[in-house]
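Let's go through a few side-chain pairings and see where they sit. Have a look at the model first.

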Amino acid sequence: MIRFLLFFLSVLPITGYSQRPDSPQSNGSTILGSISGVLLDSLTREPIDYASVGIIDALSGKIINGGISDERGEFHVSELPVGTYTIQISFIGYRIKTLENIQLSLKKPDVNLTKIILTPESKLLDEIKVVGEAALVEFKPDKIVYNAERDVTSAGGDASDVLRKVPMLTVDFDGNVSLRGSENVKILINGRPSGMFSSNVAEALKMMPADQIKSVEVITAPSAKYDGEGTAGIINIITRKKNIEGLAGSVDITAGTRSNRANGNLNYGRGRLGLNFSGGGNYNPSQDGTTTFLRNDTGNGSLNKLTQEGTSSSSRLGFRMTAAAEYNINAFNSLNSSINFRGWNSDNDNQVQSTYNTANTLIDSYIRTVDGSNGRGGLDWDLDYKHSFPKKDKEWTVSVEVDKDQNKSDYQYKEQFDFPDQLLTMESNLNNGDNLEITAQSDYVHPFNEYITLETGIKGSLKNLKSDFQYNVFDPDITLWKTDPERTDVFHYDQNVYAGYGNTTIKLGKKITFIGGLRLELTELNGKFEIFQNPFRNQYSNLLPSITLSKKTGQYNQLKISYNQRIQRPNQRYINPFIEYNDNRDISFGNPTLSPEVVHQIEIGSTIFLKGNMINTSVFVRKTENLIENILTINDLGISESTYYNFGQRSSLGLNVFGSLNIGSGLSLRGGFDVNTWQEDGSLGGEALSNTGYDYNGRINITWSISESLKMEGFTFFRSPTFTVQGKTPNWSMMSFGVKKELFKKRVAIGINITEPFRENQIFEKELEGIDFYQYSRTLRPVRSFGLSMSYRFGKIDFKDRTGKKNNEPLEENSGGGYIQN
């Protein structure tokens, strides 16, 4: 901890310094005024909501303040010093409206401009109008943005339902996320890591209601300012947040056959203070499935055969609560803080009939009953300070975050043997885990001019993991549980990461943009067992370059090429040595000695727009060193052991295509596919391992905007089997439909969602094969679901950006939600 504080404090003065903020033409007065008005369409006279309103100082030409029009077309920008201003109003598909010589005086500090008419841009009207109706996806030079809040079919679902719709992402039935065929992604919440993803990503996504997600950003070639982790890329989930003046809130309820949710949200804004409170819970009732398992091996020199037939059921209950506050000290300084509480618990029961044969001789025959539960709870708190300079886009930020998680698993096993000389055995498997992570960082952005911008920063992260695992066996002679000392211990693991970066953006004229950077990360690892000792220590550093060159080839078209190097440190599940006894002949555990993966990637992409239609294509080449994979081996007792190893390298070549077609009459079609070819080579224990193959997936989404308040959507996707060096994982497909109707001036919305209406169950098949074994499993799970959702919005609010200086962002704002190229 001392080294971390010294590191942070010693370089803090380098990345941030303050300047005396210059007050925009205040005429020596402290009187503050306001400008308001109503925006209307010149053809329909309908109000225009979500248009950007910028207030510009007439003398200096700097942006002083800004705001956004509400659903009535009204805007109100306050806290303006008396003086002379120019107002610039912009909205996609309309000509920019400029109003000059707007004067606020001591005698009349408030000006109401009443009705302001915006004229559609005639040259682009046909293209932009269709694009605005299409909504959902934006393509930017450094990322893809999926506007989830405009998706109908995700209502009432969770974050995994949203991610399934995002270009380049695939999410399997269990909620595991992959990007371009790789699960090594870094998931952020509002641009920052969260401990909720440190162990089980699938369970963490189930805790986030889809209704609270504003958008999802996919960054395949992250710049140096991002953490080096996530070899496939970064997924940034942006939650809904509104800067308002007044009190407003919402209630969302979903009831269904497979998922039930209730969420509430309350926002309050007054002057420079904004508060937000949200919370909710979810319950997934018990779902029943069946399993079939077969394994043939020669682990002990004889032909062994293990067969299992069984049933399983599981249910889940979770909650999430958040409180956030923001306070703008003045036009140049602001504070933001939030605290989040989360938790979930799942109950899992299964019963399996097992038989084990050696050389055609029956050795074991028994019924195994498992009664278990998994739980996880935690909190994270963060505090951000931001100093904005008078110069546009120049800023310094300091952030601190504390993340704590606790998890517990408790499983009890009973084995009733068919042989009379074998007694009933009872065992229990316990694991209590604690995870604490403290992060601090400082970032500085310095635009030298409108063409060159420098970003630099430092970051330190301290992570401590504790895993207390215990195995108990019931002794029928004394009718007591006894601890097995050979399978009981406490594991401690520390991971400290120190990082610094520099990143430069250079605009070469109006069409070409160069982004180049370098990031240095130093990692320290320490681990030990309390009983068995065997401590270990490791330290390594990584220098991670990133380069992106993009060119606008038309008004909305773009060509991009990039190279970056990234790493993937093993996550908590990979390193935790806790032994999970799935069966007395099937165990799995983590490997705390794993090294990080190192990835080199080159990507070429293009985006083309034509009359409101769009196609985005990218090709990438990726090489992964120190590849981490789950490897299964058979020991001399015929027991399968599954753990993680660094065993070799993987080379991949991939193609991603995504496009949209606006059919007309409110109909739009979106879809895409991804194809990846790959080859793995390596060795383990002197045994050469290799495999080669390809995988693919595709998705189609159709939207029909029947009217302004009624919308229907359908979605389907398919993912082929994916392969590892030992075998393949199941293919997976899904189909869903949704209808949404808005009532009472959009304050009430009712929706119906149907998943898999044409089939009740889906079969998942998995195969693994090694030199001395072949393993096959078949799982049947229910997939059909029906759900009814309702949301209610209340409160009277005015949208407002409360920073004082208010807006360092460009005036252009994508309010139409369409396929927009920035």
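Q: Is Glu 229 buried or exposed, and at what relative accessible area?
A: This is a predicted model, where local features need pLDDT of at least 70, side-chain atom pairs count only at pLDDT 80 or more, and totals for chains, interfaces and linings use all residues. Residues are numbered from 1 along each chain as its sequence is written, and side-chain values use heavy atoms, with hydrogens and water left out. Buried means under 20% relative accessible area, exposed over 50% and partly exposed in between (1.4 Å probe, protein chains only). Glu 229 therefore counts as buried, at 14%.

Q: Which side chain meets Glu 229 in a salt bridge?
A: A salt bridge here is a side-chain nitrogen of Lys or Arg within 4 Å of a carboxyl oxygen of Asp or Glu. Glu 229 sits in the loop between strand 14 and strand 15, and its partner lies in strand 12, so the pair ties together parts 43 residues apart in sequence. Strands are DSSP runs (E, at least two residues), numbered from the N terminus. At 3.8 Å, N to O, the partner is Lys 186.

Q: How many residues apart are Asp 405 and Arg 342?
A: Their side chains form a salt bridge at 3.0 Å, N to O, and both residues are buried. Asp 405 belongs to strand 22 and Arg 342 to strand 20, and their separation is 63 residues.

Q: What is the relative accessibility of Lys 482?
A: Lys 482 pairs with Asp 475 in a salt bridge, closest N and O atoms 3.7 Å apart. Asp 475 is buried at 18%, whereas Lys 482 counts as partly exposed, at 44%.

Note on methods. Helix = DSSP H or I, 4+ residues; strand = E, 2+ residues; numbered from the N terminus.
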